[in-house]
Amino acid sequence: MSSPRTTVDPRSLRRAYAASLSGTALEYYDFAAYSVAAATVFGDLFFPSGDDLVGTMAAFSTYAVGYLARPLGGFVFGRLGDVIGRKKVLVHTLLLAGIATFLIGLLPTHAAIGGLAAVLLVVLRLAQGVAVGGEWGGAVLLSSEYGDPRRRGFWASAAQIGPPAGTLLANGVLALLSGMLSEDAFLSWGWRVAFLLSAVLVAFGLWIRLRLEETPVFRQIAERGERPSAPVSEVVGRERRALFAGILVRVCPDVVYSLFTVFMLTYITKELDMSRSQGSTAVMIGSALQLVLMPAFGALSDRVNRRRLYLYGTIAAAVWPFVFFPMIGGRSFLLLVVGTVVALAIHAMLYGPQAALITEQFSPRLRYTGSSLAYTLAGVIGGAPAPLVCAALLVWFDSWWILGVYVVLAAILTGIGIWLARDPVVEPEEATVVEAVTT
């Protein structure tokens, strides 16, 4: 018996795309604001010590907490997304991320309340991580399950545009504040403005999401009575290969992103005596280009083999550090910008198609859970330790080349994930959406 056709009007499709993009943009604005602050001001304000590098590494430890908390969010919200629906879960993840970020902007520093300041910062960072862990899988499905699955690479890329958009906003706000204010004023209160502004983004994201209906694919699953009762157990028991593939394909992009948007800021200020604003400007330019490249590479992956395109991007990512660090050794701002832009373009080549590549590994009734677990567990291996590992390697070896070796190892893991992954399949629940969208 064939499934009834599900009508999707263009307005709902555009709204789903905007809801997916805006939510991930907010949550990555939160993460990017924290990343920049961890690399530049949190070491002094929350983890004071006589050694600048030690303070920075302590700040990066709380950065890692955000990644380590993601699997909890993926487990809790991913399961709920497959049981009660994508939309309901995404409203809660958006609120959780926004409230945690707003409270960071109000947080007293070590000078005011001592060690308790660091503890509260870690708790709020953990809340950010839980929210992002539950957000990504649902945001991807929100846009991709409204669209033609034969164009899944493009529609799913909406959630992928969020990170560069959020990074661009966060770096722009912090760069503007640090440029307008004196060093003392920025350290005293200026950095807080970037975190308090998240309230505006939360309001906008909620306005879009509350007006959106549940995705057509989930509505069909619910109408058939096929919602899973134990989605985590089913994913682990029945779709284990998909889970391993989804985890591994994320490792290299996570490491590359952390290296070139987070640790790079520390490297140029501590090792090259370049300014914080120069690094932030380079990241902003690269992130602005990613706004175009993410959907472009997502769309390209619909026309060519998605796994092959991803492999080419992984190889490029493994090679680029060995070009980038010698390029910037002369302290040229122009070469720093060029090197960062190329690095983030390579990241876009991976990150644009990534959402489609991961979600299509799982059956539709388990996609929120499977995608969320893959996304969040990959962060524990890749993104969470990356800034700390880079800092430690630089201390131990006192040379940039070891950072390139680290990226190569991450690329090998991602290559294994590409080999394990399957090519796209249009599932029965999606075929009816194809008819509705294309007629």
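This is a predicted model: local features need pLDDT of at least 70, side-chain atom pairs count only at pLDDT 80 or more; totals for chains, interfaces and linings use all residues.
Residues are numbered from 1 along each chain as its sequence is written, and side-chain values use heavy atoms, with hydrogens and water left out.

Let's begin with helix α7, which runs over residues 116-144. Helices here are DSSP runs (H or I, at least four residues), numbered from the N terminus. α7 has 29 residues and spans 43 Å between its first and last C-alpha, close to the 42 Å expected at 1.5 Å a residue; that expected span is 1.5 Å times one less than the number of residues. Follow α7 along and you'll find a bend of about 30 degrees at E135. The bend at a residue is the angle between axes fitted to the seven residues ending there and the seven starting there. How many residues of α7 are buried? The count is 23 of the 29, so α7 is largely enclosed by the rest of the structure. Buried means under 20% relative accessible area, while exposed means over 50% and partly exposed covers what lies in between (1.4 Å probe, protein chains only).

Next come the charged side chains. The structure holds twelve salt bridges, each being a side-chain nitrogen of Lys or Arg within 4 Å of a carboxyl oxygen of Asp or Glu. In one of them, E226 meets R224 at 3.8 Å, N to O. E226 is partly exposed at 31% relative accessible area, and R224, at 33%, counts as partly exposed too.

Now look at E360 and R306, whose closest N and O atoms are 2.9 Å apart in a salt bridge. E360 sits in the loop between α17 (333-359) and α18 (367-381), and R306 belongs to helix α15 (residues 306-319), so this pair ties together parts that are 54 residues apart in sequence. Are these two buried or exposed? Both E360 and R306 are buried. They also belong to a network of salt bridges that links R152, D302, R306 and E360.

Move along to R307 and you meet another salt bridge, this time with D423, at 3.5 Å between the closest N and O atoms. R307 is in helix α15 and D423 is in the loop between α20 (401-420) and α21 (428-438), so to speak a link between distant parts of the chain, 116 residues apart. R307 is partly exposed, with 21% relative accessible area, and D423 is partly exposed with 33%.

R331 has a positive phi of about 65 degrees, although it is not a glycine. You'll find R331 in the loop between α16 (321-328) and α17, where it counts as partly exposed at 44% relative accessibility. D398, another residue other than glycine, has a positive phi near 50 degrees. D398 is in the loop between α19 (386-397) and α20, and at 60% relative accessibility it counts as exposed.

Finally, let's go looking for empty space. Rolling a probe the size of a water molecule over the atoms shows where such space is left. A cavity is a set of points, on a 1 Å grid over the protein atoms alone, where a 1.4 Å probe fits but cannot get out, and lining residues have an atom within 4 Å of a point. A search of the whole structure finds four cavities of 30 Å³ or more.

The largest cavity has a volume of about 100 Å³, volume being the space filled by probe spheres set on the points, with grid points joined across faces, edges and corners. Which residues lie nearest the centre of the largest cavity? They are A32, S35, T167, Y257 and T261, out of 13 lining residues. The largest share of that lining, five residues, comes from α1.

The second largest cavity has a volume of about 80 Å³. Its lining includes Y28, Y67, R70 and H347, and α13 gives the largest share, four residues.

Definitions and conventions: Helices (H or I, at least four residues) and strands (E, at least two) are DSSP runs, numbered from the N terminus. On a 1 Å grid over the protein atoms alone, a cavity is a set of points where a 1.4 Å probe fits but cannot get out, and a pocket is an open set with protein on both sides within 12 Å along at least five of seven lines; lining residues have an atom within 4 Å of a point.
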